[in-house]
Amino acid sequence: MTTPGSGPAVLDARTLPQDDNVNPYTFCVALDGQWFVQKGKMIAYYGRIKFEGLGVGALDRLVTANFHSPLYVQDWIVAQGKGQLLLADRGFDVNSFDLEQGNLTIRAANLLAFEPGLDLKQSIVPGFVTLIGTGKFVAASNGAVHFVEPPIRVDPEALLGWADCPTPCHHFDTKYMRGVYGAARRLTGLGGASGEEHQYDFVGTGTVLMQSSEISIAAPTVPAQATGANQPAPGGVLGIPGLPNIPGLRGLR
C-alpha cells in the first residue's frame with residue numbers, strides 16, 4: 001500500500017474516465033442503456049448493470065436488429081443499465097473507435113464490445129466479423145498496427161482486418177505447393193504455412209489493417225463446421241494510439 005502522492009491514483013466511480021482509457025490495458029464504458037460485450041472481457045463495473053445472454057427473449061428485438069452472426073452468438077452478452085463498465089483482455093492494449101457510416105471487417109477475437117448503433121454481421125472469411133453503421137466499438141491489440149493501401153499481400157497471422165476493400169484472396173507460393181510436404185498440407189490442412197508461403201492478397205481500393213507481429217489473440221469458440229475444414233484458428237489484433245483515420249473510422253482513442 002502506497003501513501004497518497006507516492007503511487008498510482010486510486011480510482012472510484014467518481015474519478016474514472018468516461019468512455020476513455022483508464023490505462024493502455026483497460027477501457028471504461030460510460031454505460032447508459034445497452035452494449036454488446038464479448039464474454040470474459042468485463043473485469044469490473046460500478047452502478048446498476050446486469051448481463052444477459054443473447055438468447056434471452058427480452059433481447060430478441062435488440063439482437064434481431066444488431067447481431068447477425070449466429071456462429072458467435074454464444075460468445076456475446078448484452079450489458080444493460082447505468083454505470084461504468086471496465087473492459088480488458090489479458091493485458092493486451094485496448095482502445096475505442098468511432099465508426100461513422102462505415103464498413104469495417106475485423107478478427108472476431110479482437111472485438112471486445114460495441115454499441116447497438118452498429119450492426120455486427122458474419123464475414124464470409126472464417127474468423128472475421130463485419131461492423132456496419134455508426135457507433136463506438138472497443139477492440140484489443142497486441143503490438144503496433146499499420147494502415148496500408150492495396151495492392152498488398154499480408155501474412156495471415158498479421159492481418160487484422162480491412163475497411164472498404166474487396167474480400168481478400170489466398171495466395172500460395174509455388175514452393176508451398178510443391179513437394180511431399182506441400183501435398184500433405186493440401187490433403188490434410190495440417191502443418192500450416194508461414195507468411196513466406198501463404199498470404200492474403202488484397203487488390204482494389206480501401207485500407208488494410210495489419211499488426212507488426214505474428215502473435216495472435218486467441219479466438220472465441222466457433223464450431224468446426226462453421227469455419228470450414230482445417231482452417232487455422234483466427235487471431236490478430238486491432239487498435240493502438242497514434243494511428244491515422246481511415247474512411248468511416250474516426251475518433252481513435
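Q: Is Cys-28 buried or exposed?
A: Cys-28 is buried, at a relative accessible area of 0%. Buried means under 20% relative accessible area, exposed means over 50%, and partly exposed lies in between, using a 1.4 Å probe and protein chains only. Please note that this is a predicted model, in which local features need pLDDT of at least 70 and side-chain atom pairs count only at pLDDT 80 or more, while totals for chains, interfaces and linings use all residues. Residues are numbered from 1 along each chain as its sequence is written, and side-chain values use heavy atoms, with hydrogens and water left out.

Q: And what is the relative accessible area of Cys-169?
A: Cys-169 has a value of 49%, which makes this residue partly exposed.

Q: How many disulfides does a search of the whole structure find?
A: The search finds zero disulfides, a disulfide being a pair of cysteine sulfur atoms within 2.5 Å.

Q: Now the charges. How many salt bridges are there?
A: There are six in the whole structure. A salt bridge here is a side-chain nitrogen of Lys or Arg within 4 Å of a carboxyl oxygen of Asp or Glu.

Q: Which residue forms a salt bridge with Asp-89?
A: Lys-41 does, with the closest N and O atoms 3.0 Å apart. The two residues are 48 apart and belong to distant parts of the chain: Asp-89 is in the loop between strand E5 (76-88) and strand E6 (93-107), and Lys-41 is in the loop between strand E2 (26-38) and strand E3 (42-53). Helices (H or I, at least four residues) and strands (E, at least two) are DSSP runs, numbered from the N terminus.

Q: Are those two buried or exposed?
A: Asp-89 counts as buried at 2% relative accessibility, and Lys-41 counts as buried at 8%.

Q: Where does Lys-136 find its partner?
A: Its side chain meets that of Asp-98 in a salt bridge of 3.0 Å, N to O. Lys-136 is in strand E9 (residues 128-141) and Asp-98 in strand E6, 38 residues apart. Both Lys-136 and Asp-98 are buried.

Q: What about Arg-153?
A: Arg-153 forms a salt bridge with Asp-201, the closest N and O atoms being 3.4 Å apart. Arg-153 lies in strand E11 (residues 152-154) and Asp-201 in strand E14 (residues 198-202), so the pair ties together parts that are 48 residues apart in sequence. Arg-153 is partly exposed, with a relative accessible area of 47%.

Q: Changing topic: how many residues does the largest nonpolar core have?
A: That core has 27 residues, and those with the most contacts inside it include Phe-36, Trp-76 and Leu-111. A nonpolar core is a set of buried Ala, Val, Leu, Ile, Met, Phe, Trp, Tyr and Cys residues joined through side-chain atoms within 4.5 Å.

Q: Which elements each supply at least two residues of this core?
A: Among them are helix H1 (60-66), E5, E6, strand E7 (111-114) and E9. Another core, of 18 residues, lies apart from it and includes Leu-85, Val-94, Ala-113 and Ile-217.

Q: Why is E5 described as largely enclosed?
A: The reason is burial: 11 of the 13 residues of E5 are buried, so the rest of the structure largely encloses this strand.

Q: What does E5 pair with?
A: E2 and E5 run antiparallel and are joined by 13 bridges; E3 and E5 also pair in the antiparallel sense, over 11 bridges. Two strands pair if DSSP finds at least two bridges between them. Phe-36 has Val-78 in E5 as its bridge partner, and Lys-50 stands opposite Gln-80 in E5.

Q: And in what order do the strands of the three-stranded open sheet come?
A: The order is E11-E14-E13, with antiparallel pairing. E11 and strand E13 (169-172) are the edge strands, each pairing on one side only. E11 and E14 pair over three bridges, and the bridge partner of Val-154 in E14 is Tyr-200.
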